[in-house]
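Hello,

Here is the structure I promised to pass on. Please open it first, then read my notes below.

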Amino acid sequence: MDKTKTIDIPSLLNSLHTRREFLTLFGKGLGYTALAATLPACGGGGGDDTEPPAPVDQIPVASKEYTTLKRTSFGVHRDELETINNMGIDAYLEQQLDHLSINDGNLESSLKSLFPLAFQTPTQLYAGFPENITDTYHDVISATQYRQIFSKRQLYEVMVEFWSDHFNIHLLNGLGPTLKPTDDLQVIRANALGNFQNLLQASASSPSMLFYLDNFFNQASAPNENYARELMELHTLGVDGGYTETDIKEVARCFTGWSIRFPNDPNGNYGDFIFNPLIHDNDEKTILGNTIAAGGGQTDGTQVLNILATHPSTAQFIARKLCIRFISDQPDQSTIDTVAQAFITSNGEIIDTLRALFSTNAFRNTSDQKLCRPSEYLAGMIRALAPDTDYPSDTGALFILAQSILGQLPFNWATPDGYPDTQSYWENTGGLLNRWRLSFLSYSSVGTIPIIDVFQIDYSAMLNGADTLLTMVDALSDRILMRPLADKDRELLLDWLTTETGQSDSTPLPAVTVDQLTPLIAAVLLSSAYYQLR
Amino acid sequence: MTNNQNILICIFQRGAADGLNALVPYGDPEYYNKRPAIAVAKPGNLNGAIDLDGFYGMHPALAPLKSIYDAGELAMVHATGVPHGSRSHFSAQDLVERGITDKFSLNTGWLGRHLAQDNNAITSAFRIVSISGNVPVVLEGAEEPLALSDIESFSFDQGIIDAGYPSILADLFRTPLPFSNTAQSALSALDELSTAKPGDIKPDNGALYPTTPLGKKLKQAGQLIKSTLPVEVICLDSDGWDHHESLPGFIQQSLSDLANAVDAFYTDMGTNMQKITLLIHTEFGRRVAENGSLGTDHGTGSLAYVLGGGVNGGQVFSQWPGLRDQDLEMNEDLKITTDLRTIQSEILDKRLGGIDVNTVFPDFTYSPLGLFT
């Protein structure tokens, strides 16, 4: 695993952001006096509801197009919903799989100027190390979050996140801040929709990985097994994939001498991969029944990677994880087999594997199978509100703060297994409470994490003239949830609002009240299960 | 209202904590043969172990625990673990938390099973607390454990409450809609917290908690215990024990953090400690022989600590298996001579009240070590 120094996120954030003063405000709310002041005194409320309850109390199923977007993006965006409704699901997914065909505007060039450290080489980053750790952390996380929110290549970004978890590296780990940005660009992003074998080879020789899992120390005289074990358990075969403790030792021997160039090496650039034959174990090894002949040098490792990448256990392991990502926490074996077969047949082509997954009955005909993760929750809130704005330059720390509260800050999972993607991990009291608070604090008019200000979200456009509680609830649920609201939930929302305001649900409200209520209703919708299901 | 329920606090050392450099078997010459570069020196030497009984010595970073040991309220159990045979962190943590050796046998945690069968009349959301962002496997099977990473931020801002947000959330997350149990539990926890205000409780007796994650978690455990909330079980993690390289430096930091945090907690609790049992353990130990990076790879047996009221402390419980090659598990690991479930069973039996331990550990027969007086 790691040898992490623990970083105190809140103090890091405080030191990181000097331009705005909101960072200490979370947890010390301003009080909701502004709303109260604009409202008439409470009195009565709208008549009690005496209609019989709906026969089945459940959340109505969303459209297949909505479900497809929810699963293959960081949250449904109204423009993309329109696109998939027009194109059809098949054509939409094909376009997403061919991610370079999608015009992403000036996103990457904007990121380069907004977050330059996310694009620097190890040598460049080392020149400012360790003073630049906080800035590097800020830039590399912000670039990731911006792509999740703004990129039109949403499936690609979902797969970037998937592989970042699969080949997890903790950023704040020794020299990690100087190395991980390059791994992100050249290993993960370069291969996220490419070929698994290439991805695995790139990861194995990535200085960031060699450092994180200690292989840079691995030498013939006394091997270090850390990378060898996680390579088989987490990157390829899976823990039940059929390897033994002896295989781990043999794989560790194969990777002896795979190391990195250290700072101030006169023979080359810091952070380059090197193979050091002097500390490589050149004797014969046996891996999963395959003989690695003596004298193979660096090819020992590449042979191991080939054996592992093409092993049937790897196909099963990757297929299962993909099904858990795109379908449900308990995918059925026949679906996994279909995906695994495509992985094998295509020699690990990720696009072909995903295409097979997207054609399964389980993907096409189920929905709302699990709780979305915090990254989708956070990026999705912006996407749902679809701000009509350029990329703001002053929100990086805001998103970092929000995501550190939600608990899925990119590159911040310490152990090599990556963030879990199961509901049992994410569904808990503290997690749900933090999502509720965040939607309120970010989007209400008194929020202390004013994402709403930064993005200049235009609520009035969403309302489209609605000025009664009834029309406001309808307009906002249509616009923000983009899926049908149960009659019962609509009634409950109206009951709440009529009680809070003392107005009937059909009385036109003064503009100032509409302005105060709109973000509050938006926050409640974003807190609801409607929004949180994937 | 005071809470007289006995309380169990479990600290899981994630990452496979080395037991051999924490409780040093300095009387076994093989220890120095197999760890020539990373061993802790014998007592009396520079940075040497703190002698306990002529055979074992504490790592010097554990010094703050020595007075608790001497007061008879800390017992240490060496060469312990769950004999699951896995050297994978993730599988092993899972198996240890379930208290099983065969992954297919039970899908609940050992504490979860205990709490489910000992379903006492307490209906508080604070009966079972995980001080972290998630509910650990060990609590699976228990009714709605609370996950809370920070007491202070586990609240609604007044503005949210004034806007009637909790009541509309209670409506929207009604049974049987998705996440309703979790949501209702969060809402009632908020209610209880707003009355009990544990975040306002200050450490007593001059206790100084380290500002590390572990220090902060134990401080909050102390606040919950001293509040009126009827807490019964608290789980928390100590992270970062996977010392494949440069073990001497890293374990110095980790043990020092552990000892300082536990010492502060012990000081803070004062007489409350009489109703508390603190159990500290890991998923497996580390290889006896050092590797080429001044670290150790994954192993088997390790160390557990039991602190608190009624502990028959001031002693090391162990049948020392020896460190010669032929004494070792797979010829390289410290053998497990005391099953960790023995310790856990004894805690349930003696401290948490007359429960049928065999239902908690159905595949395991327990005979007490005598950890409690």
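First, a term: a salt bridge is a side-chain nitrogen of Lys or Arg within 4 Å of a carboxyl oxygen of Asp or Glu. Next, the ground rules. This is a predicted model, in which local features need pLDDT of at least 70 and side-chain atom pairs count only at pLDDT 80 or more, while totals for chains, interfaces and linings use all residues. Residues are numbered from 1 along each chain as its sequence is written, chains are lettered from A and ligands numbered from 1 in the order in which they are written, and side-chain values use heavy atoms, with hydrogens and water left out.

**Salt bridges within the chains**

Over all chains, the rule gives 50 salt bridges. One of them joins A:Arg325 to A:Asp421, with the closest N and O atoms 3.9 Å apart. A:Arg325 sits in helix 16 (residues 312-326) of chain A, and A:Asp421 in the loop between helix 21 (396-406) and helix 22 (423-426), so this pair ties together parts 96 residues apart in sequence. Helices here are DSSP runs of H or I with at least four residues, strands are runs of E with at least two, and both are numbered from the N terminus. A:Arg325 and A:Asp421 are both buried. Buried means under 20% relative accessible area; exposed is over 50%, and partly exposed lies in between (1.4 Å probe, protein chains only).

Chain B has its own pairs. B:Asp242 and B:Arg286 form a salt bridge at 3.0 Å, N to O. The two are 44 residues apart: B:Asp242 is in the loop between strand 8 (233-238) and helix 9 (247-269), and B:Arg286 is in the loop between strand 9 (276-282) and strand 10 of chain B. Both B:Asp242 and B:Arg286 are buried.

B:Arg287 and B:Asp333 also form a salt bridge, at 3.5 Å from N to O. B:Arg287 lies in the loop between strand 9 and strand 10 of chain B, and B:Asp333 in the loop between strand 11 and strand 12, so the pair ties together parts 46 residues apart in sequence. B:Arg287 and B:Asp333 are buried too. In chain A, salt bridges that share partners make one network, whose members include A:Arg325, A:Asp329, A:Arg373 and A:Asp421.

**Where the chains meet**

Contact means heavy atoms within 4.5 Å. On that basis, 57 residues of chain B are in contact with 60 residues of chain A. The area buried between them is about 5,000 Å², and carbon and sulfur atoms give 62% of it. Buried area is the accessible area (1.4 Å probe) that two parts lose on being put together, summed over both. B:Phe90, B:Tyr165 and B:Phe179 supply 14% of the area that chain B buries against chain A, more than any other three residues.

Six salt bridges cross this interface. One of them pairs A:Asp57 with B:Arg174, the closest N and O atoms being 2.7 Å apart. There are also 27 residue pairs in polar contact between chain B and chain A, both residues at pLDDT 80 or more. A polar contact is a pair of N or O atoms within 3.5 Å; within protein, one must be able to donate a hydrogen and the other to accept it, and residues adjacent in sequence count only if both atoms are side-chain atoms.

Look at A:Arg229, in helix 13 (residues 226-235) of chain A. A:Arg229 is buried, with a relative accessible area of 3%. Among the residues that A:Arg229 touches are B:Arg87, B:Ser88, B:Arg287 and B:His298. Its side chain makes a polar contact of 3.1 Å with that of A:Glu245.

**Strand 5 of chain B**

Strand 5 (residues 74-81) of chain B is mostly covered: eight of its eight residues are buried. Two strands pair if DSSP finds at least two bridges between them. Strand 5 pairs with strand 10 (residues 302-308) of chain B in the antiparallel sense, over six bridges. There, B:Val77 has B:Ala304 as its bridge partner. With strand 11 (residues 315-317) of chain B, strand 5 pairs in the parallel sense over three bridges. B:Met76 stands opposite B:Val316 in strand 11. Strand 12 (residues 338-339) of chain B also runs parallel to strand 5, joined by two bridges. B:Thr80 stands opposite B:Thr338 in strand 12.

Best wishes

Key
Lists of a residue's contacts leave out its neighbours within four places in sequence.
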